[in-house]
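These are my notebook entries on one structure, written up in the order in which I looked things up. The sequence and the model come first.

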Amino acid sequence: MAVLWLDDVTADDLDTVGGKGASLGELTGAGLPVPPGFVVTAGTYRTFIEEAGIDEELFAAMDIDPEDSAALRAAEETARDLILGTELPESVREEILEAYRTMGDGDEAFVAVRSSATAEDLPDASFAGQQETFLNVREEALLERVKECWASLFSQRAIYYRQRQGFPHSEVDIAVVVQRMVDAEKSGVMFTSHPSTGEPEIIIEAAWGLGEAVVSGSVSPDNYVVDRETAAVDEVTVADKKLLMEKDAETGETVEREVPEEKREARVLTDDEIERLVELGRQVEDHYGTPQDVEWAIYEGEVYMLQSRPITTIADSTGDAGTTPSSTERAAATNGGVDADGAGSNANATGTGDDEVILRGLGASPGIVSGEVRIVTKLDHLDQVGEGDLIVTEMTMPDMVPAMKRAVGIVTDEGGMTSHAAIVSRELGVPAVVGTGSATTALSDGQVVTIDGDKGTIRLGSAEERGEEEHEPVEAVRPETPVKPMTATEVKVNVSIPEAAERAAATGADGVGLLRIEHMVLSLGVTPEKYIADNGADAYVEELVEGIREVAEEFYPRPVRARTLDAPTDEFRELEGGESEPDEHNPMMGWRGIRRSLDKTDVFRQELRAFARLYEMGYDNVELMLPLVNDAADVEAAKQHMEAVGIDTEKRRWGVMIETPASALAIEELADCGIDFASFGTNDLTQYTLAVDRNNGNVADRFDELHPAVLSLIGDVIETCRELDVDTSICGQAGSKPDMVDFLVERGVTSISANIDAVRDVQHEVKRTEQKLILDDVR
Ligand code: PEP
Ligand code: MG
């Protein structure tokens, strides 16, 4: 039998009908309103290629170097020619057409023709989303479309991934779902539980017309938040819906149209429709036993379910037939749309009135926690901070790290996303809100508050009292990536404190893009000069070796890019021995980075000796990076010191940070110094390009790493470095931002280094952008 009706399919038929087919069959069997349809089985495809005798030639054509784009193109073409150029056996044609004809109620039905691959266990998660789907197909084109779905198993992208992962092409089969189109008047998606917290809240997004508009993100949908238990509608946000997609009555094609004026700002769903959707949401979640991400449509008052997948942002995928792995990405993207309404509506969305927010700052390290406020001043004894306390302080200091580890959360008056508090709390996985302006005076010792390190809010009382769930940082709310996405651009991680090395390595990052050694030095509690004076140079070297070694060991053989000292004088001044530091008007533009190192060569040499010692010990994965260079003179001088302590600059990998416009403009001469890489320190590059102090809250809204001037410098440096064969990377905070990631990948950056909590998202973002580039190339 070439076809199976959805009524006869269950989740156990995965091998026969593929993931999508099995999921739709399962839903149909559960009595959910799925539009009728049938599946051209995977066996039909297999028999077709085998009986026509094209299988061997087909698989042999795939044996190519996946990095060779001409060969990829040729392999795709061969597959298309073989599959589309071979006639379907008469019996198969008849069977498919006969099944199709029964769907039409007398008329020729419009159907969707969707690929449904069987290799759901492929390590690369988004594989299943890569094959073709055709909408509004009628009899005339049906058989051709089925074959096109088959051929899409051999798209360049699919071939590339299978080759890269060593997955045999002959082991993937493809079924095709043929399903009646729902001429949706309204459609959207529904999460049967809150997609990031898992709370029993149904979130519905709805727009006019076909669902593609919502799923593709081309229209901002209405948003409805419903209590799953009581079915009370807690929140309705009506969006301005400019566009809709619908079927053109003449051609049957999906077209984009403007939404008529009177419907643009009108609410899409009636209370009755919401009720019906909620009922379906409960039913489908009960059926699967896990929260679901549902695509739905409404036509002539009837609600249809088009697709249901587990929400993988909450918990591990159950491996249900319905698992379409790209749902993580979709759910995250759609969730992003919900979040775009701003912190206020989200506070409401989680059932907690905005009015309870007593203080706001920047969400610097994700997670929601409650605890007792412990106001910590500089002179305090930090051993007062106990397990479960919330540190509230003006600004964290390096000597607070042990106490920060004990704390459940951290709140500061001052500092931005790249402040010590933000960096360290992210690495420790402790939720933090920084830059609140007045936490140390607005809050009092012993008070219980809840902080939200995503939204940057502080509310009175504990989460428990409100019946909310606390959640720890990323690992707790998002499942670990079972297999890290394969990306051509390397994705690395930033580490500042050696204690974070293990957590950082567990992200599956391709190495450390920035190890800031000043955090190690600052945690000694005394200035390097004083440490050396008190304990001798060897002891100082030993401290550095130990700290860097801990990270290098954890990541070996993945590369670890350690940076020579770059602390501004105001940070040193807090340390013992700091009284002799100069009092600078603007430390950010003062005596820091390579400038200080080249003036204080006695200290700089000890740092370099630490690198030399690590190489001697066999840590050849350590790379050396120089901060805040302006020109070749800086780099040449540093290089001489490196060689003087026995570092072979030919053999070892070393490079510079691009943090000033001067260094970006001088990239050719820097490359001539023999650097292996240039890494964008966008925190500084932005502040120096825009003249916006990165630590100054008054101008925080002007600190824009995506400013065209910054991007122009970065883009030019990448272009030059590609010509000169110098690797490029980013290690500033902006490397964790999707827009920056897209820009860099498009320009051809070699690697991106992100914060620990962002690595996973960046891996996915890089992958998405790379795939888009491959696709654009193909189209
Ligand atoms: C930067 O400037 O972007 C950077 C990574 O260095 P730091 O934040 O330590 O100045
Ligand atoms: Mg910097």
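Predicted model: local features only at pLDDT ≥ 70, side-chain atom pairs only at ≥ 80, totals over all residues.

I looked up Asn136 and found it buried, with a relative accessible area of 10%. Buried stands for under 20% relative accessible area, exposed for over 50%, and partly exposed for what lies in between (1.4 Å probe, protein chains only). Asn136 sits in strand E4 (residues 133-137). I noted that its phi is positive, about 50°, although Asn136 is not a glycine. For the element names, helices (H or I, at least four residues) and strands (E, at least two) are DSSP runs, numbered from the N terminus.

Residues are numbered from 1 along each chain as its sequence is written, chains are lettered from A and ligands numbered from 1 in the order in which they are written, and side-chain values use heavy atoms, with hydrogens and water left out.

Ala691 is a residue other than glycine with a positive phi, near 55°. Ala691 lies in the loop between H27 and helix H28 (708-724), and at 70% relative accessibility it counts as exposed. I also found a cis peptide bond between Tyr556 and Pro557, with omega about 5°. Pro557 belongs to the loop between helix H20 (537-555) and strand E24 (560-563).

Which protein donors does the magnesium ion (ligand 2) have? They are Glu659 (OE) and Asp684 (OD), lying 2.0 Å from the ion. I noted that the pair links distant parts of the chain, 25 residues apart: Glu659 is in the loop between strand E26 (654-658) and helix H25 (661-665), and Asp684 is in helix H27 (residues 682-690). Donors here are N, O and S atoms within 2.8 Å of the metal (3.2 Å for Na, K and Ca); water is not among the atoms, so the site may look incomplete. Glu659 is buried at 2% relative accessibility, and Asp684 is buried with a relative accessible area of 2%.

I counted a salt bridge where a side-chain nitrogen of Lys or Arg is within 4 Å of a carboxyl oxygen of Asp or Glu. Asp684 forms one with Arg592, and the closest N and O atoms are 2.9 Å apart. Arg592 lies in the loop between helix H21 (569-573) and helix H22 (593-599) and Asp684 in helix H27, so the pair ties together parts that are 92 residues apart in sequence. Arg592 counts as buried, at 3% relative accessibility. Both residues belong to a network of salt bridges that links Glu518, Arg563, Asp566, Arg592, Asp684 and Arg694.

How many salt bridges does a search of the whole structure find? It finds 42. One that I looked up joins Arg101 and Glu139, with the closest N and O atoms 2.6 Å apart. Arg101 is in helix H5 (residues 90-101) and Glu139 in helix H6 (residues 139-151), so this pair ties together parts that are 38 residues apart in sequence. Arg101 is partly exposed at 45%, and Glu139 is partly exposed at 23%. I also looked up Asp534 and Lys530, which form a salt bridge with the closest N and O atoms 3.1 Å apart. Asp534 and Lys530 are separated by about one helical turn, because they are four residues apart in helix H19 (residues 528-535).

H4 (residues 69-84) has 16 residues and reaches 22 Å from its first C-alpha to its last, close to the expected 22 Å. The expected span is 1.5 Å times one less than the number of residues. I listed its buried residues as Ala71, Leu72, Ala75, Glu76, Ala79, Leu82 and Ile83. Seen down the axis of H4, these buried residues fall within an arc of 140°, so they line one face of the helix. The arc is that of the directions from the helix axis to the C-beta atoms. Glu77 and Asp81, on the other side of H4, are exposed.

Ala213 lies in helix H8 (residues 212-215) and counts as buried at 1% relative accessibility. Ala213 and Gly188 are 25 residues apart in sequence, and their C-alpha atoms are 8.4 Å apart in space.
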